Amino acid sequence: MDAVPRTLRASPTPLMFTSDTPRPGPPLWRDESLVRVRTGIYAVRAAWDALPPWDRYLARVHAFALTRPDAVFSHESAAALLGLPIFGHPRTIHIFDARRAKSVRYGDVTVHTSLDTRPTCTVVGIGLTAVEDVVIDLCRALPPAFGVAVADAALRAFGLESERLLERAALQRNAYGARRMRWALTHATPLAESPAESISRAVIEWCGFPSPGLQVEHDVDGRIFRSDFCWPEQNIIGECDGWLKYGGEDPVAAAEAVRAEKRREDALRREGWQIARWDYPGAVGVTALRNALTAAGLRQVRRAEVAALASVGRNVRSK
């Protein structure tokens, strides 16, 4: 049975129809305090400008749903609604239409079809393809490191199993991106807690480093600490940092989290662990992650996969 989401992510900013905002003065399209999200649909410019790229995209998806309530979303558009990771600001809105003979693109909309029957569902009035197919489709289309990040998140959020996803994909007649898809699904794990960790895991493998343990627990002074990546034989821990890890937009919470992280790291160092740290840009850029692990004493056990590493930051599907 397919996973059925209970809810979808709401638009990150209020959207308004031109027809719903009667007022004196010039039309909305001449109001510089507003930004047009889609024909006839606007948002407050200050709120729009404050959104990260992926949330602007989510707002665009909701704007399209308002103009096309019959739309069935797929690929990045469905992922945005489901809360699965997307990367940057995808160039097009993706919808699925089984009635078409072939996929087509018009304007900023890509309409997909399939040789196979595709189950769909409707959640809070919005249609989308099955979660399983969203994951498989993106693993076919995205660079492998991004594909595995989507798969990891879906396994964690929806309780999917990579083996079942592989079995489902094997029944599909679509041969596009089959090698990328199989790599991502074979490497997927629910243990990764963020896209940055997922991408880091791919980069670690492609750099030629030994495979790490994930979310390993460490008993230090009677307290249990958990590491993102761990190589017990070399006494090396890898930590992938992100602002959200330290309290997001709350500076006070972030400062306290940083202090707690420093105390944790000091305790681990006293126990003989070497700590390597990097962030999301360091993983996508490869060099900072590789240098951090090398400085901590981790050594390659096989040759680096240069072509795979070059693919990490290249996503032509997003701006």
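## Basis of the model

In this predicted model, local features need pLDDT of at least 70 and side-chain atom pairs count only at pLDDT 80 or more, while totals for chains, interfaces and linings use all residues. Residues are numbered from 1 along each chain as its sequence is written, and side-chain values use heavy atoms, with hydrogens and water left out.

## The second largest pocket

The second largest pocket holds about 390 Å³ of space. On a 1 Å grid over the protein atoms alone, a pocket is an open set of points with protein on both sides within 12 Å along at least five of seven lines, whereas a cavity is a set where a 1.4 Å probe fits but cannot get out; lining residues have an atom within 4 Å of a point. A volume is the space filled by probe spheres set on the points, which are joined across faces, edges and corners.

Of the 19 lining residues, His-75, Ser-103, His-112, Thr-113 and Asn-174 lie nearest the centre of this pocket. Strand E5 (93-96) and helix H4 (131-141) each supply at least two lining residues, and H4 gives the most, with 3. Helices (H or I, at least four residues) and strands (E, at least two) are DSSP runs, numbered from the N terminus. The lining comprises 5 nonpolar, 7 polar and 7 charged residues (Ala, Val, Leu, Ile, Met, Phe, Trp, Tyr, Cys and Pro count as nonpolar, Asp, Glu, Lys and Arg as charged, and the others, Gly among them, as polar).

## The cavity

The structure has 1 cavity of 30 Å³ or more. The largest cavity contains about 30 Å³ of space. Its lining consists of Glu-76, Pro-85, Ile-86, Phe-87, Pro-90, Leu-142, Val-150, Asn-315 and Ser-318, and divides into 6 nonpolar, 2 polar and 1 charged.

## Helix packing

Helix H8 (residues 195-207) packs against helix H11 (residues 287-295) at an angle of about 65 degrees, with the axes 10 Å apart (axes are lines fitted to C-alpha atoms, for helices over the stretch in contact, and angles run from 0 to 180 degrees between N-to-C directions). H8 is therefore roughly perpendicular to H11 (65 to 115 degrees; angles under 35 count as roughly parallel, over 145 as roughly antiparallel and the rest as oblique). Contact, meaning heavy atoms within 4.5 Å, is made by Ser-200, Val-203, Ile-204 and Cys-207 of H8 and Leu-289, Arg-290 and Leu-293 of H11.

The axes of helix H3 (residues 75-82) and H4 come within 9 Å and cross at roughly 125 degrees, which means that H3 is oblique to H4. His-75, Glu-76, Ala-78, Ala-79 and Leu-82 of H3 meet Val-131, Val-134, Asp-137 and Leu-138 of H4 in this contact, which has 6 nonpolar, 1 polar and 2 charged residues.
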